[in-house]
Amino acid sequence: MTVDRQIAIGHTNSTLSHKRCSLFSQTSDYALRAVAHLASIHEGMSTIPKMSESIQVNPPYLRKVIDKLREAEIVDSQRGTGGGVFLLIDPNKLTILDVLNAVDPLQRIEKCTLGLPGHLKLCPLHSELDAAISQIEELLGNRTIGELLSLRRSSARCSFPNVEDLYQL
């Protein structure tokens with residue numbers, strides 16, 4: 001199997017781990033990590049440096065992501081001693097789609113990408129692709145961050161974010 005094929009189907013090894021294969025942007029990934037982190041910590045609030053270390057995102061980029069989440073009224077922050085970033089929405093009501101829409105919404109296909117004047121409607125290919133995007137939006141709009149964290153705790157999948165590990169650093 002070629003390296004490109006391994007990446008395309010999501011298989012990576014240590015030499016390929018720097019490559020990404022995702023439907024979602026890096027910003028979306030970071031936003032979901034940040035929200036999951038905030039939803040999983042007992043204090044409900046975290047500083048950018050602590051969050052950055054925990055979710056493995058560099059602090060300047062994380063600040064930009066947090067700014068977008070703040071603009072969407074998903075998070076807010078408190079300055080000063082004892083301050084930090086915190087969720088404004090209950091994780092059991094905050095959907096994955098809410099987070100994605102705040103930072104980098106999924107793009108729907110609204111017109112022929114070839115720009116042909118006679119193509120007023122979507123061709124069968126683009127119509128199918130848009131229908132798939134619609135199904136993804138529906139699925140992500142029905143799954144909350146709280147549900148994701150519950151799934152993580154009840155399975156042997158990825159343990160991110162493991163709150164207990166955060167405080168042993």
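This briefing describes the fold, the sheet, and some helix and side-chain contacts of one protein model.

The model is predicted: local features need pLDDT of at least 70, side-chain atom pairs count only at pLDDT 80 or more, and totals for chains, interfaces and linings use all residues. Residues are numbered from 1 along each chain as its sequence is written, and side-chain values use heavy atoms, with hydrogens and water left out. The protein has eight helices and three strands; helices (H or I, at least four residues) and strands (E, at least two) are DSSP runs, numbered from the N terminus.

**Overall**

- Along the sequence, the elements of the protein follow the pattern α-α-β-α-α-β-β-α-α-α-α.
- Of the 169 residues, 33% count as buried; buried means under 20% relative accessible area, exposed over 50%, and partly exposed in between (1.4 Å probe, protein chains only).
- The accessible surface comes to about 11000 Å², and 52% of this belongs to carbon and sulfur atoms; the areas come from the Shrake-Rupley method with a 1.4 Å probe, and for residues only the protein chains shown count as cover.
- Among contacts (heavy atoms within 4.5 Å) with a separation of 6 or more, 61% are between residues 24 or more positions apart.

**The sheet**

- Strands of a sheet pair through backbone hydrogen bonds, either parallel or antiparallel.
- The three strands here form an open sheet in the order β1-β3-β2, with antiparallel pairing; two strands pair if DSSP finds at least two bridges between them.
- β1 and β2 stand at the edges with a single partner strand each, so one side of each is left without a neighbour in the sheet.
- Helix α2 packs on the sheet and touches β1, β2 and β3, and its direction makes about 85 degrees with that of β3; axes are lines fitted to C-alpha atoms, for helices over the stretch in contact, and angles run from 0 to 180 degrees between N-to-C directions.
- Two bridges join β1 (residues 45-46) to β3 (residues 84-87), and four bridges join β2 (residues 75-78) to β3.
- V85 in β3 stands opposite S46 and also opposite S77.
- The hairpin of β2 and β3 has five residues between the strands, and G80 there takes a positive phi near 95 degrees.

- Rings of Phe, Tyr and Trp (its six-membered ring) pair if their centres lie within 6.5 Å; planes under 30 degrees apart count as stacked, over 60 as edge-to-face and the rest as tilted.
- The count by this rule is one aromatic pair.
- The ring centres of Y30 and Y61 are 5.3 Å apart and the planes are at 90 degrees, so this pair is edge-to-face.
- The pair links distant parts of the chain, with Y30 in helix α2 (residues 26-40) and Y61 in helix α4 (residues 59-71), 31 residues apart.
- Y30 is buried, with a relative accessible area of 12%, whereas Y61 counts as partly exposed at 28% relative accessibility.
- T27 is also found in helix α2 and counts as buried at 14% relative accessibility.
- Apart from neighbours within four places in sequence, T27 is in contact with Y61, V65 and V103.

- Helix α5 (residues 96-103) is mostly covered, with six of its eight residues buried: I96, L97, V99, L100, A102 and V103.
- Two packed helices are described by the angle between their axes and the distance between the axes.
- For α5 and α6 (residues 124-141), the angle is about 115 degrees and the axes are 6 Å apart.
- I96, L97 and L100 of α5 make the contact with E137, L140 and G141 of α6.
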